Amino acid sequence: LFLFKAFVEVGARLSMLVMASVPVQTTIIGYLLLGETIGPIGLLGMAVTLAGIALVILGRRNGAGTPQTGTRRGIGYAFLGALGQAVGYVLSKYGMGDYDPFAATQIRVITGAVGFTLIVTLRGAWPRVGQALRDAGVMSRISAGAFFGPFLGVSLSLLAAQHTATGIAATLAGTTPVLILAPARLLLKEPIGWREVLGALIAVTGAAIIFLR
């Protein structure tokens, strides 16, 4: 919810740039709550990966009609969204323990569904939900996105959190802006500039450092 508000206030590029701080916040919270520590090489890999992600985000163009100027409120929303993700990631690992990540994801989805039901009800947005449900094209794309994102992506990210520090897992999960470049080029015909290419190479280098640490 905070991330959506940030998109409206300051645009996708600046919002995603602030969201790139999620691994850093996750590392700090993981250290405070779980006692997780990351060695110098791991921290170097995180820094390099985050630098690559930031370069990719800065190289992307804002969508049409997206606000170009930032506001303190919008940046605050983006920061709260990033903090929420970081806290949720650490608490998920703490609460999950050795539990099945896919079952844990189901619990998260049910909780999220309850929360969104309350929000939609309070905002009186059920007619718009019904309108979307009647659009077969929209529902097919949303269903595919839900499968690969909230189901498969979140489940695998929780599985990763079980086997490594939450900061490392969050860093690798945060490479979405880099990994989306190829599909965006092939499916949406979006141009890719030198910043995106260089940022992707830097991010991959950082990920390699993390794996080789």
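1. Setting aside neighbours within four places in sequence, Val 56 is in contact with Pro 177, Val 178, Leu 181, Glu 196, Gly 199 and Ala 200. Contact here means heavy atoms within 4.5 Å.

2. A word on what you are looking at: this is a predicted model, where local features need pLDDT of at least 70 and side-chain atom pairs count only at pLDDT 80 or more, while totals for chains, interfaces and linings use all residues. Residues are numbered from 1 along each chain as its sequence is written, and side-chain values use heavy atoms, with hydrogens and water left out.

3. Now the whole chain. There are 12 helices and 0 strands; helices (H or I, at least four residues) and strands (E, at least two) are DSSP runs, numbered from the N terminus. Of the 213 residues, 33% count as buried, meaning under 20% relative accessible area with a 1.4 Å probe, protein chains only. Among contacts with a separation of 6 or more, 86% are between residues 24 or more positions apart.

4. Where does Val 56 belong? It is part of the largest nonpolar core, which has 9 residues, including Leu 50, Ile 53, Val 178 and Ala 200. Such a core is a set of buried Ala, Val, Leu, Ile, Met, Phe, Trp, Tyr and Cys residues joined through side-chain atoms within 4.5 Å. Helices α4 (40–59) and α12 (194–212) each give two or more residues to this core, and α4 gives the most, with 4 residues. Apart from this core lies another, of 5 residues, among them Ile 38, Met 46, Ile 168 and Ile 210.

5. The side chain of Thr 166 makes a polar contact with the side chain of Glu 36 (2.7 Å). A polar contact is a pair of N or O atoms within 3.5 Å; within protein, one must be able to donate a hydrogen and the other to accept it, and residues adjacent in sequence count only if both atoms are side-chain atoms. Not counting residues up to four places away in sequence, Thr 166 also touches Tyr 89, Val 90 and Lys 93, among others.

Methods: Buried < 20%, exposed > 50% of the residue type's maximum accessible area, 1.4 Å probe, protein only.
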